[in-house]
Amino acid sequence: MSLTDLTLDQWRSLDLSTARRLARRAADLAGGHVVAVEAVEHLGARMHRVRIERDGQEFALVPGGTVTLGFDLDSWQPTPEQVADYQESEAQGFGYGPDLRAHLAQLLSPRRHVTLATVLMGVKDENLTEPAADMPAVLAARGLRMPSSDEWEHACGAGATTLFRWGDDCPLDRIPYDHPSGPQHRPNALGLHIAYDTYRTELTSDVTTVHGGDGGESACGGYGHLLGWLPLATANRHPFLATEFVYGPEGEDMYEDFSTRPVLAL
């Protein structure tokens, strides 16, 4: 099986020995070595996690293919607790709509099908060392690139269609910053440390979006618990934060507060 043609569905169907063989092939192409290949349960079936080290940095194998991205608001039903929490936030003047569904419609990417290549993606995000416009050249010097917005979302959800990579629910008794044992701290299905801290703001090649956090804005008092968790939603693209701040004049001198998740093409 070619890595170029490997799809997420195929990856989920492989036995461990085949997964290890493909992991070694990916490591050879990357000029690195396999650190770990392990099987975990994801969406009721087996999923393999592969970590490859290259030049002191760990990457996870992210199978591609034609995948479904975005959040299906039409079929989603919020819990009464989520609705009530948003109503409290909206009464305080926070939120982008009169109800939770309208709010999410402003922030989440729509349901769609895209075709992506299999890549290696950084297990951890890394802080920008230059302004966002200069980071493609910085990464290219290391044989890397920024992910596309679709690649980031696919890698985060790994096939899950829920609001968060771990499900549709989140703790409503506290915000992520105050929850050291919350679900955001667990590696995702592919072994990535992703969508784990709302104080992070991950950039991709798409200047109209950011991912994985909002720089801590939602941790401000009054936002409410659900709004405090939503920056970690897989399909949350924070378009207002991206265009009005990160890529606006105010963000030009704050690039060290942003991060990106390097991608190595195979």
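Student: How many salt bridges does the count come to?

Tutor: The count comes to 13 salt bridges. Keep in mind that this is a predicted model.

Student: What makes the contact of E58 with R51 a salt bridge?

Tutor: Good place to start! The closest N and O atoms of E58 and R51 are 2.9 Å apart. The rule asks for a side-chain nitrogen of Lys or Arg within 4 Å of a carboxyl oxygen of Asp or Glu, so 2.9 Å qualifies.

Student: And why is E58 called partly exposed?

Tutor: E58 has 27% relative accessibility. Buried means under 20% and exposed means over 50%, so a value in between is called partly exposed. R51, with a relative accessible area of 23%, is partly exposed by that reasoning.

Student: What about R142 and E126: how do you know that they form a salt bridge?

Tutor: Their closest N and O atoms are 2.8 Å apart. The limit is 4 Å, so the pair counts.

Student: Are R142 and E126 buried or partly exposed?

Tutor: One of each! R142 has a relative accessible area of 33%, so it is partly exposed. E126 has 17%, which is under 20%, so E126 is buried.

Student: What makes R174 and D173 a salt bridge?

Tutor: Try the rule on them: the N to O distance is 3.1 Å. That is within 4 Å, so the side chains of R174 and D173 meet in a salt bridge. R174 is partly exposed at 31%, and D173 is partly exposed at 49%. D173 is still not called exposed, because that word needs a value over 50%.

Student: Which residues are linked in a network of salt bridges?

Tutor: R112, D150, E153 and R237 are linked in such a network.

Student: Which residues gather in a patch of positive charge on the surface, and why is the patch called positive?

Tutor: The patch holds R20, R21, R24 and R25. Arg counts as positive, so a group of these residues is a patch of positive charge. Take R21, which lies in helix α2 (residues 16–30). R21 has a relative accessible area of 43%, so it is partly exposed, and a patch residue needs over 30%, so R21 passes that test.

Student: What makes the phi of L43 worth a look?

Tutor: L43 has a positive phi of about 55 degrees although it is not a glycine. Most residues other than glycine have a negative phi. L43 is in the loop between β1 (33–42) and β2 (45–54). At 52% relative accessibility, which is over 50%, L43 counts as exposed.

Student: Where is H238, and is H238 buried or exposed?

Tutor: H238 is in the loop between α7 (225–229) and α8 (239–246). Its relative accessible area is 7%, under the 20% cut-off, so H238 is buried. H238 also has a positive phi, near 45 degrees, in a residue other than glycine.

Note on methods
Residues are numbered from 1 along each chain as its sequence is written. This is a predicted model: local features need pLDDT of at least 70, side-chain atom pairs count only at pLDDT 80 or more; totals for chains, interfaces and linings use all residues. Side-chain values use heavy atoms; hydrogens and water are left out. Patches are made of residues with over 30% relative accessible area and no salt bridge: like charges are joined within 9 Å, nonpolar side chains (Val, Leu, Ile, Met, Phe, Trp, Tyr) within 5 Å. Accessible areas come from the Shrake-Rupley method with a 1.4 Å probe; for residues, only the protein chains shown count as cover. The place of a charge is taken as NZ of Lys, CZ of Arg, CG of Asp or CD of Glu. Helices (H or I, at least four residues) and strands (E, at least two) are DSSP runs, numbered from the N terminus. Buried means under 20% relative accessible area, exposed over 50%, partly exposed in between (1.4 Å probe, protein chains only).
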